[in-house]
Amino acid sequence: MTKNIVVYFATWVNVLRPSEGVSFARGPSLSERDIAQDPGALADLKKLGYMTTPVIVIGGAVIVGFDSVKIDAYVVE
C-alpha cells in the first residue's frame, strides 16, 4: 500500500533535508514542505501541534525529529 509522506523542514536549519537521508524510494508519495518559504506549511505544522523541524507524517503517523529506524518502519508497514 502506498502511503503519503509529508516532510516539514526549514531551510534555515543547517542539516540535510530529512528526505535526503531516508530511503523514500519505495514508492510512497512524498511531499516536502519548507516552513520558511511556505506560510501554509507553517500553519499546517502548527495544526499538528509542533513548532520544530523536521516533522515527518507518514500515513497519519507523526515522527518528530530525524529517526531513520522509525521512518523506515512506517514506510515498510
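Arg33 is buried, because its relative accessible area is 17% and buried means under 20% (exposed is over 50%, partly exposed in between, with a 1.4 Å probe and protein chains only). This arginine sits in strand 2. Please keep in mind that this is a predicted model, where local features need pLDDT of at least 70, side-chain atom pairs count only at pLDDT 80 or more, and totals for chains, interfaces and linings use all residues. Residues are numbered from 1 along each chain as its sequence is written, and side-chain values use heavy atoms, leaving out hydrogens and water.

**Around Arg33**

- The side chains of Arg33 and Asp44 are joined by a polar contact of 2.5 Å; such a contact is a pair of N or O atoms within 3.5 Å, where within protein one must be able to donate a hydrogen and the other to accept it, and residues adjacent in sequence count only if both atoms are side-chain atoms.
- Leaving aside residues up to four places away in sequence, Arg33 touches Val6, Val7, Tyr8, Phe9, Asp38, Gly40, Ala41 and Asp44, with contact meaning heavy atoms within 4.5 Å.

**The overall build**

- Two helices and four strands make up the secondary structure of the chain, in the sequence pattern β-β-α-β-β-α; helices (H or I, at least four residues) and strands (E, at least two) are DSSP runs numbered from the N terminus.
- Of the 77 residues in the chain, 35% are buried.
- Among contacts with a separation of 6 or more, 56% link residues 24 or more positions apart.

- The four strands form an open sheet in the order 2-1-3-4, with mixed pairing; two strands pair if DSSP finds at least two bridges between them.
- Strand 2 (29–34) and strand 4 (61–64) are the edge strands, each pairing on one side only.
- Strand 1 (residues 4–9) and strand 2 run parallel and are joined by six bridges.
- Within strand 2, Glu32 is the bridge partner of Val7.
- Helix 1 (residues 39–47) packs on the sheet and touches strand 1, strand 2 and strand 3 (55–58), its direction making about 105 degrees with that of strand 2; axes are lines fitted to C-alpha atoms, for helices over the stretch in contact, and angles run from 0 to 180 degrees between N-to-C directions.

**Phe66**

- Phe66 lies in the loop between strand 4 and helix 2 (68–76).
- With a relative accessible area of 43%, Phe66 is partly exposed.
- From C-alpha to C-alpha, Phe66 and Val55 are 7.8 Å apart in space, and they are eleven residues apart in sequence.
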